[in-house]
Amino acid sequence: MSILLKKHKDISGFIFINVTRLLFLMLILMLAFILIKIIVEGFSVISWEFISSEPKNNMTEGGIFPAIFGTVAVTLLMILFALPLGIFSAIYLNEYAKDSVFTRIIRTAVNNLAGVPSIVFGLFGLGFFILFVGKNLDEVLQTGLLFGQPALIWASSTLAVLVLPIIIVSTLEALNSVPKSHRDASYGLGATKWQTIKNVVLPQARPGILTGTILAISRGAGETAPVLFLGAAFFLPNLPIVDLCFGDYCIPMINPGEQFMYLAYHIFILATQSSNPTKTMPLQYGSTLVLITLTFLLNITAIIFRYRFRKILGRL
Amino acid sequence: MDKEINIGDTISKGDVPNDITMNSSPFSKKIKQSTRIKESLIKYFFAINGTAALIFIILIFIFLFKEGFRAFEHIQLVDFIYHNRLAEDGTSSKVFEWFPTSDEARYSLIPLILGTLLTAIPATILSTILGVGAGIYLAEIANPKAKEILKPIVELFAGIPTVVLGFLMLVVGASFFNDLLNPTNRLNAFIAALGLSFVVIPIIASLTEDALHSIPNDLRMASYGIGATKWQTISKVILPAATSGISASILLGFGRAIGETMIVLMAAGNAANITSNIFQSVRTMTATIAAEMGEVSQGSDHYFALFFIGIVLFTITFFLNLIAEVIINKMRKKNTF
């Protein structure tokens, strides 16, 4: 009891604790304000038509379907590139590599890659993927100007490099949390290292890896700066789809060689470069609401996954 | 399972290996040759993939410098600092302007660097106050139940796409502060800094929380044990012990503020003013690249100059990250007894 009383006499402490409480409350209010503002302004625009139709009338009316499709297409290819590379990289760092100067350099590189400004990734995508890889592919394959120009595949590749650290770090955490005793048990049964990784470690790490994947998708879908000069377009009447035909049988596929519309870029364009920013204001809020719903759902899923994953591990 | 490993052997030697790699296993002779080759191939496959992050950092470095250094074919290094303008009467004066598209092209990075600092520094100061406060609250004051809900909120905060923040500052923030403070320009460094702090606060908050969390509980218990209050413990024991971790979080937040593009592109006004007035429009390095790269013709001086800005940005953030990393590693070593 005397301790409790003493606590209240400690005025500076009382002030300090409530100040931090207030600061945190401010943070929550800021987040709430952002969400409420977007939802209130954007909700009236959202309709099936808005989601499923193209922009019309010089982008002052209509929907955002091509932008949604482009975002999905780009992030899909991105995760296809980044996921295997990230998981393999993390497996090497956690399972095979010994703690040497070299692996420490790799770990530093992972952290540093996460801190590279997104616009620099855009420059890198332009300099490396388009002007080096693309141009050289054109020269070798004699395809004229097919690869050496901004296209969906280069945007996806660049975003893949951008989200690589997210996947590596979360996979590392997941692998690291698999108890050593499980590995030992597997070795004790005579399993080799690869058999142990494949049958014991990876299945247990799967929820953690999934968390990283979801976070990476959400990050990729929200990035604008890297795709600015890698093929994001103001407006495209056609979706970047190509029919892949085997005889009479045709399957529509994402065309990696075309330009694309991107939801985040679409918001930027509508807000800053459109012919009539005031008239398109509802469209801007609508697009923002769609984007933020997408990223928030992904983030919340990831947080729930991680929470459950940690709980399961806590029980082990 | 490999049937050729003799389990009897394992027991008789009394030494269970916890790590059957091909070279270190004492039973390596009993493993099939083909299995051994397969295992080592798999190991090398992972090793190649393992270096991916390092390779990409090196590639970014190479290709930024490859394009950026071609700027020096026609532009001198001093041109990136000032431009010598010759007046009619033969006298020359130094101009600090970024104006690469004019006939008399001027490439001074000074207004862009100052613009970057004028947005990034206020953003970092504001975020330090809010972020460190929130981090302390999360780590030391909030009860565990509340923490389980509050921590994800900070993570959600970090997940807001920057273009959304830029958009909100442009349409809501700018109008609000235009009426309230009557700034020189409607879009200005202050608005951009405010938007940036939304990005930096979650970074500083979660890293501060990590830093405080990594401090051994023994320190807290010892402090309480000699009769210190919570406030005394936090201010005299915990915070001094976490100083390095917190400063690393501030450095990382500052690096992020410098490298952020969309918010400053949309809210800072994009006029390359040299000013210390936070209510005036400025133009940052990132916004310059984003705004001009789309229209510049490939292979021109202007194009290479934009890559040179990329080099400057990359170098600054690279070293900020590196310093923060060193500080964090030192802290981890110190806190594991």
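Me: What makes the lining of the second largest pocket divide into nonpolar, polar and charged residues?

Reply: It goes by residue type: Ala, Val, Leu, Ile, Met, Phe, Trp, Tyr, Cys and Pro count as nonpolar, Asp, Glu, Lys and Arg as charged, and the others, Gly among them, as polar. Sorted that way, the lining gives 20 nonpolar, nine polar and four charged residues. Bear in mind that this is a predicted model, where local features need pLDDT of at least 70 and side-chain atom pairs pLDDT 80 or more, while totals for chains, interfaces and linings use all residues; side-chain values use heavy atoms, leaving out hydrogens and water. Residues count from 1 along each chain as its sequence is written, and chains are lettered from A and ligands numbered from 1 in the order written.

Me: Why is one space called a pocket and another a cavity?

Reply: Both come from a 1 Å grid over the protein atoms alone: in a cavity a 1.4 Å probe fits but cannot get out, whereas a pocket is an open set with protein on both sides within 12 Å along at least five of seven lines. Lining residues have an atom within 4 Å of a point. The second largest pocket has 33 of them, with A:L228, A:F229, B:M293, B:G294 and B:E295 nearest its centre. The largest cavity is lined by A:S170, A:E173, A:A174, A:G208, A:T211, A:R306 and A:F309.

Me: How do you know the volume of the second largest pocket and of the largest cavity?

Reply: Grid points are joined across faces, edges and corners, and the volume is the space filled by probe spheres set on them. That comes to about 630 Å³ for the second largest pocket and about 60 Å³ for the largest cavity.

Me: Why is the link between B:E155 and A:R306 called a salt bridge?

Reply: The rule wants a side-chain nitrogen of Lys or Arg within 4 Å of a carboxyl oxygen of Asp or Glu. Here N to O is 2.3 Å, so the pair qualifies. Between chain A and chain B the count is one salt bridge.

Me: What makes A:R183 and A:E95 a salt bridge?

Reply: Their closest N and O atoms are 2.7 Å apart, so this pair passes too. A:R183 sits in helix α8 and A:E95 in helix α4, 88 residues apart; helices are DSSP runs of H or I with at least four residues, strands runs of E with at least two, numbered from the N terminus.

Me: How do you know which residues make the contact, and how many?

Reply: Contact means heavy atoms within 4.5 Å. By that test, 86 residues of chain A and 86 residues of chain B take part.
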